[in-house]
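Good morning, everyone, and thank you for making the time.

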Amino acid sequence: MSADTGPEAWQSRSDHLGRLALLPILAVATMLAVLTRPGGQHSWSAAVNGRTGLALVAVAALWSLGLSRYPTTGQRTFTRTLVFCVHALLVSALVWANPWYGAFAISGYFFADELPPSGRRAGFALIAMVLAASQTGSYPDAWNTHTVVFLLMAGLNMTVVLVMVGLTNRVMAQNTERGRMVEQLGEANRRLQASMTENAGLHAQLLVQAREAGIVEERQRLAGEIHDTLAQGLTGIVAQLEAARQARHDEAEWGRHLDLAASLARSNLTEARRSVRALRPEQLEQATLPEAIGALARGWSEQSAVPTEVETTGIHTPVEPDVEAALFRVAQEALSNIAKHARASKVHLTLTYLDDTLLLDVADDGVGFTPTDRTGTSAGTSTGTSRNGSGFGLVGMRRRLERLSGTLNLESAPGDGTIVNAAVPIQAPAPVPAPAPSSSPLRIQAVGATR
């Protein structure tokens, strides 16, 4: 709160108006004294107790005129005390001259309020007694009924003024506190504005850093997409061509492998184009995640001649496309690693829908391995790194899941097979019926031809 509108400024203006009102109040009190003078006394000076009273009125008029220029703030304690004493003495004498000057004596409360706290109550008590004399007709001169009434009126005046001053001080204290709060809020707003200005500069820097980080992230994404599409597809094509070479004396088998290689090449070309456009896997474009994983398992089983079973548990719930794509890629990578390293006789995939988590387990009964580090890789082992040393498979799967706050865990031991477990948190909307034709878990049994 500014100095022009704060409680101190309001108090200063009210004190200044009180000083300007002294002379008019004195004139009104004198008029009342004259109009109510005793009927037998025709001299108007008798209304103010003769020449002495006239001199007191004249002095009071000059005093009131002088107080109109008396500063409301910045005065020393001694000066304020002296002004109050002179004013109290003057109003006491005027009330002695005529009780009607009690109207002028009320102004003594204003000067008593300007005293230091130690003398304020004494000043209020003195003015209260002057007003009691005005209210009872004169000052007491003996112990009688008039004296008792005088004391009662003085006590009442004192009580009333203390209550009023207490209420006024409380209101002023509240106003002062509000003013302080407004100043603090203003300072907080100024700091907030400065912070916003500074944050604008930081935001611009963050945008630059975000663009740079986005370039790195996009390179990693493209590396993962190339690994998941081109590399795996080419690996499958090479495997089918090798199988066709070995079956060149069996025309039917030879043709079957060539057809599979051609199909893989076409599918891989389409998937490569979609990966460049950062789209989700083609298998998820027109199918749900359980259906896409089932189709993936059937195709993989046909190529590898390894029986594969897919099971979906829980209520199928639509999830974010990125989550479905990540789990599909995990299944795709895990099956690719099994085909290359595990020498498994059967594979089981389990897709589990929980309230807040989507789980995928890929288990095989292959040769297993001993995980050697966080990625769980051991060259040449089940679900480990590729034999050519690229090592992107599990690292890529884990990065995909970590971007979605998911996790990837491996359980394996030599001779006991391997389990790949992927978990991704989801925000499930209202449950919808599973697309499967029956309420029983979806099972797909696909057995490839024996070579």
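Predicted model: local features only at pLDDT ≥ 70, side-chain atom pairs only at ≥ 80, totals over all residues.

The largest nonpolar core holds 39 residues, and the members that touch the most others within it are Leu 289, Leu 327, Leu 358 and Leu 360. Two or more residues come from each of the helices H10 (289-304), H11 (321-342) and H12 (393-403), and likewise from each of the strands S2 (347-353), S3 (357-364), S4 (407-412) and S5 (418-425). Of these elements, H11 gives the most, contributing eleven residues to the core.

If we take Leu 358 and set aside its neighbours within four places in sequence, its contacts include Leu 289 and Leu 327, together with Val 319, Val 323, Leu 351 and Tyr 353, and also Ala 422, Ala 423, Val 424 and Ile 426.

Let me now turn to the backbone. Most residues other than glycine have a negative phi. Ala 305, however, has a positive phi, near 60°, and it is found in the loop between H10 and strand S1 (308-313). Arg 343 also has a positive phi, near 55°, and this residue is found in the loop between H11 and S2.

How exposed is each of the two? Ala 305 counts as partly exposed because its relative accessibility is 27%, whereas Arg 343, at 64%, counts as exposed.

How values were computed
Residues numbered from 1 in each chain as written. Heavy atoms only, no water. Core = buried A, V, L, I, M, F, W, Y, C linked by side-chain atoms within 4.5 Å. Buried < 20%, exposed > 50% of the residue type's maximum accessible area, 1.4 Å probe, protein only. Helix = DSSP H or I, 4+ residues; strand = E, 2+ residues; numbered from the N terminus. Contact = heavy atoms within 4.5 Å.
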